[in-house]
Amino acid sequence: MKRMLHAAVPPLVVLFVVLATWEALVRALDVAPYLLPAPSAIGEALLEHSAELAKGTALTGLASVLGFASSLLLGALIAFAFSQSRLVQRSFYPYAIFLQTVPILAIAPLIVIWVGTGLGSVVLVAVIISLFPIITNGTTGLTRVDPGLLELFAIHNASRWQELVALRLPGSVPYFLAGAKVASGLAVIGAVVGEFFAGSDEYRGLGTIIIVTAGRLETAHLFAAVVASTVLGLALFGAVSLTGDAVLRRWRGRETETE
Amino acid sequence: MAEEPLVVAGDLALRYPNGTLALQGMDFAISRSEVVGIVGPSGCGKSTLLRAVAGLLPISGGALTVAGLEPELARRRNCSESFVFQDSTLLPWRSVEANVRLALELRGGSQERWETRIGEALEMVGLASVARQQPAQLSGGMQMRVSLARALVTQPELLLLDEPFGALDEMTRERLDEELLALWEKQRWTALAVTHSVHEAVFLSTRILVLSAGPGRVIAEVPIDLPYPRTAETLTSRELFELVRRVSTELRAGKGADRAVRPEASE
């Protein structure tokens, strides 16, 4: 606990200095609030719209978690299929890369046309953007096995099934966890981007708030929504990282350190 | 039953998929309860030979049998084998005892007395007290011991050792060699041990096969008649040094001969 406090002090000092300079400059140069609101104005906006932001954060959070969980499940299934057959992997891998390279901003409107506004579209965008790291990491984890261990299994006449259950699946755990960490951050980004297009009067997530306030030049309000989505992203990433590290510590033995 | 040799090679040749000839014209026979040390210059196919005996690599010429059968068949049918690798090859997510249990699990069969046998195997290598720890919590020497316990828990007839303690410091290696010999005196499995240390080979073996530089071929056999029990004193005994010198001379002669008449790839 003391160590954590110790680690938190330097970045907090940086934050404080940046905010103070920002505040001072905005005041001194008399910058128009719609261009760049002072931190204090953003703070006021956060308080003023707290109810709306809390609801938005809950919605975006729900979409992110649903998207992340779907990616994890779907990605694991795809990685498993890839690891079982070279042919399947060679046939479908190029299309998996498509997930990585497609400009999500370009296809999000399409998804809204097909799926309609609301949670479904938002979750789908989150899945598309967060699926790739799970697939690649998972496939690597399931296929890259220490050749010595494969020989060990062979010498004891292990079946293909035993090799999968006792060697490949548990061996892939650290790879899946690394993929999950990356995917958790991406899922929040995907959800916010999805909400740019899929938001409506019934569905007001953080992305919806950002796009609406940007249109009205309510910049302080926009900043407040950005702060909320950043906090949401950090929270999901933190939760996944901590869970992952705990799993990994058990996986490797209690006294080893995480990297 | 007349003592049939357990492992027999006749004019054995093995070519890697890339075309390189690893072993050629190899002849030897290994009887039950022998510990045969295999020494040779690096790249002479020592490890390859071990893998061929284990049925992990297909041979490309001549004959190789284990208990009268082709190696892979023998492994699956009638000869229980264990392999000790240079690395401990432990599964990091399994506890020490679960790693030892793995060998039994993979072989299947009745689970009767498993826990007792695992306990005994760990006792044998002096690790009963750390049975529930994870491999990462152990030193390199202890990890190798777990690997040894895993190899012995199945009560193998044939133990294949590929530079088993090569990655450890000399002190630890010598101690493990001694322990291995003590176990052999009790259990009398047959063993084929590859090592790059002539000293270690002489200490462990009942007989040594000296291989030529690649493609590997048996160029000399040296029986090791050191008395048992062999201990730390044996390691520094004059008899041992005499044998080490003999094996080393054969090794050097082999390298020279090989340079003079390089056998070309002919079967």
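Student: How many bridges join strand S8 (residues 207-211) of chain B to strand S9 (residues 218-223) of chain B?
Tutor: Strands (E, at least two residues) and helices (H or I, at least four) are DSSP runs, numbered from the N terminus. Two strands pair if DSSP finds at least two bridges between them. S8(B) and S9(B) run antiparallel, and the number of bridges that join them is 5.

Student: What pLDDT do local features need here?
Tutor: Residues are numbered from 1 along each chain as its sequence is written, while chains are lettered from A and ligands numbered from 1 in the order in which they are written. This is a predicted model: totals for chains, interfaces and linings use all residues, side-chain atom pairs count only at pLDDT 80 or more, and local features need pLDDT of at least 70.

Student: Which residue in S9(B) is the bridge partner of B:Arg207?
Tutor: A hairpin of 6 residues links S8(B) to S9(B). Across the two strands, B:Arg207 has as its bridge partner B:Pro223.

Student: What is the radius of gyration of chain B?
Tutor: Chain B has 9 helices and 9 strands. The globule rule (2.2 Å times the number of residues to the power 0.38) is compared with a radius of gyration taken over C-alpha atoms. For 267 residues the rule gives 18 Å, so chain B is as compact as a globular protein of that length, with a close value of 19 Å.

Student: How are H5(B) and H6(B) oriented to each other?
Tutor: The axes of helix H5 (residues 140-152) and helix H6 (residues 170-187) of chain B come within 11 Å and cross at roughly 20 degrees. Angles under 35 degrees count as roughly parallel, over 145 as roughly antiparallel, 65 to 115 as roughly perpendicular and the rest as oblique. H5(B) and H6(B) are therefore roughly parallel.

Student: How many residues of the contact of H5(B) with H6(B) are nonpolar?
Tutor: Two residues are in contact if their C-beta atoms, placed from the backbone, lie within 7 Å. B:Gly141, B:Met144, B:Arg145 and B:Leu152 in H5(B) meet B:Thr172, B:Leu176 and B:Leu183 in H6(B). Ala, Val, Leu, Ile, Met, Phe, Trp, Tyr, Cys and Pro count as nonpolar, Asp, Glu, Lys and Arg as charged, and the others, Gly among them, as polar. Here 1 is charged, 2 are polar and the nonpolar number is 4.

Student: Which element gives the largest share of the side of chain A that touches chain B?
Tutor: The contact takes 18 residues from chain A and 21 residues from chain B. On the side of chain A, helix H7 (147-155), helix H8 (160-171) and helix H11 (219-252) each give two or more residues. The largest share, 7 residues, comes from H7(A).

Methods. Axes are lines fitted to C-alpha atoms, for helices over the stretch in contact, and angles run from 0 to 180 degrees between N-to-C directions.
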